[in-house]
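Colleague: I'm new to this one. Could you pick a single part and walk me through it closely?

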Amino acid sequence: MLPVGSARASTDRQHHKSAVGGSAPPASAAGGSTTGGASSPGPSAPLVEVRRTAVGALENYGYGILSVRVTVLGSRIESVAVQRLQTAEQYSQQLAAQAIPMLHSEVLSAQSAQINGISGASYTSQAYALSLQSALDRLHVA
Amino acid sequence: MSSGQAGGDPLRHAEPVMGTVVSFAVYPGDRDRATVIEALAGACRILHDADAIYSTYQPESPISRLRSGAATLAELPPEVEEVLELCAHMKAATAGWFDPWAMPGGVDPTGLVKGWAAERALRALARTGVSGVMVNAAGDVIVHGRPGEESSWRIGIAHPWRAGALACVIEADAAVATSGSYERGAHLFDPRSGRPAAGVASATVTGPSLAIADALATALAVAGPDGIEFVTGYPGGYDAYVIGDDGAELASDGIRFVPVAALSAEPS
């Protein structure tokens, strides 16, 4: 259903159980800190189909931050939903602050360019896929 | 500059749908909040309905059943034929560079449907009489009216290879669609070779319809700078902005760049 990449498999291994449920905010996604060494694999695939839920890492999608909650039954994805979605009010300022100069090499020096939106990058779908993948990693699925 | 409600902050909403997140900004004008929220719910339904019909990831969706041969066009909702006719029209208008029939796995209108659905959602919101609306379907943007008290919408064009950076900012009064090989990876195919496109890092098309701009941008990303001709030649007022793999930029006359100086409120 989604172009889920195989990256990030190692990022959040140690959180696999603790992230179940609603509120526990996952460790910061941005740093990509690979935790722990070669830990032994977690619970092996259950014989009975168990319904489990995990929340993926927070991912920046350009306008804010999202994380994805996935529920699996056995090894099958049952539902995927956006668990947290923060639309940063100041996103335009943040992004504009990083805007690169264009057109005749003018230099953008200001912090507060006013823009209404951004065309181009599928930040959201990437962030969605990354967060989903990390949620699946926590459940040792796929 | 007023801090009151008249121009005020927009109502924002982000809807997970179509494998991504579609975001809305609505400037209510003289419409009350309940009206806007109801209209937003309706706009979201439009997106989900489109997803249910056109998702190639869902094996039971009408488009999937068409692709697999499980259903004929006559058996599917009439919108499918409408979208496929638009696809055929855009294929002809782009000399074959936009070609949903060249995709692996059968006809795939994805290159146009996201914009088509976002445009329908925007029209539904605009009909309520709000003063300004923006719908951003993961980078394919369409606006209506005005953003509060500002005179025009400013849309940043994502830099093709610097994450989080902008290549430029343009003024928009309708659709802005951007395609690039960076965005969809191998999903962007050169219909003539059947291989992933190369050569253009980012292709932006502006114009009245997001469905059409989306298709033109997809074609432009594959065709390269020569494709600017079929963009500007398309009736209705479409313009193109291309960033090549080498970083060279080309734009047709109608692209309204916001001067960098105008983006900055000089901190004193």
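**A helix and what comes after it**

Modeller: Happy to. Keep in mind that this is a predicted model. Let's start where helix H3(B) leaves off: it is followed by B:Ala95, which has a positive phi, near 55°. That residue isn't a glycine, yet its phi is positive. B:Ala95 sits in the loop that runs between helix H3 (78–93) and helix H4 (110–126) of chain B. Is B:Ala95 buried or exposed? It counts as exposed, because its relative accessibility is 54% and the cut-off for exposed is over 50%.

Now step back into the helix itself. H3(B) has 16 residues, and at 1.5 Å a residue they should span 22 Å; the C-alpha atoms at its ends are 23 Å apart, so the two agree.

Which residues of H3(B) are buried? They are B:Val80, B:Val83, B:Leu84, B:Leu86, B:Cys87 and B:Met90. If you look down the axis of H3(B), these buried residues fall within an arc of 155°, so they line one face of the helix.

On the face of H3(B) turned away from its buried side, you'll find the exposed residues B:Pro78 and B:Ala92.

Terms used:
Residues numbered from 1 in each chain as written. Chains lettered and ligands numbered in written order. Predicted model: local features only at pLDDT ≥ 70, side-chain atom pairs only at ≥ 80, totals over all residues. Heavy atoms only, no water. Helix = DSSP H or I, 4+ residues; strand = E, 2+ residues; numbered from the N terminus. Buried < 20%, exposed > 50% of the residue type's maximum accessible area, 1.4 Å probe, protein only. Expected span 1.5 Å × (residues − 1). Arc of directions from axis to C-beta.
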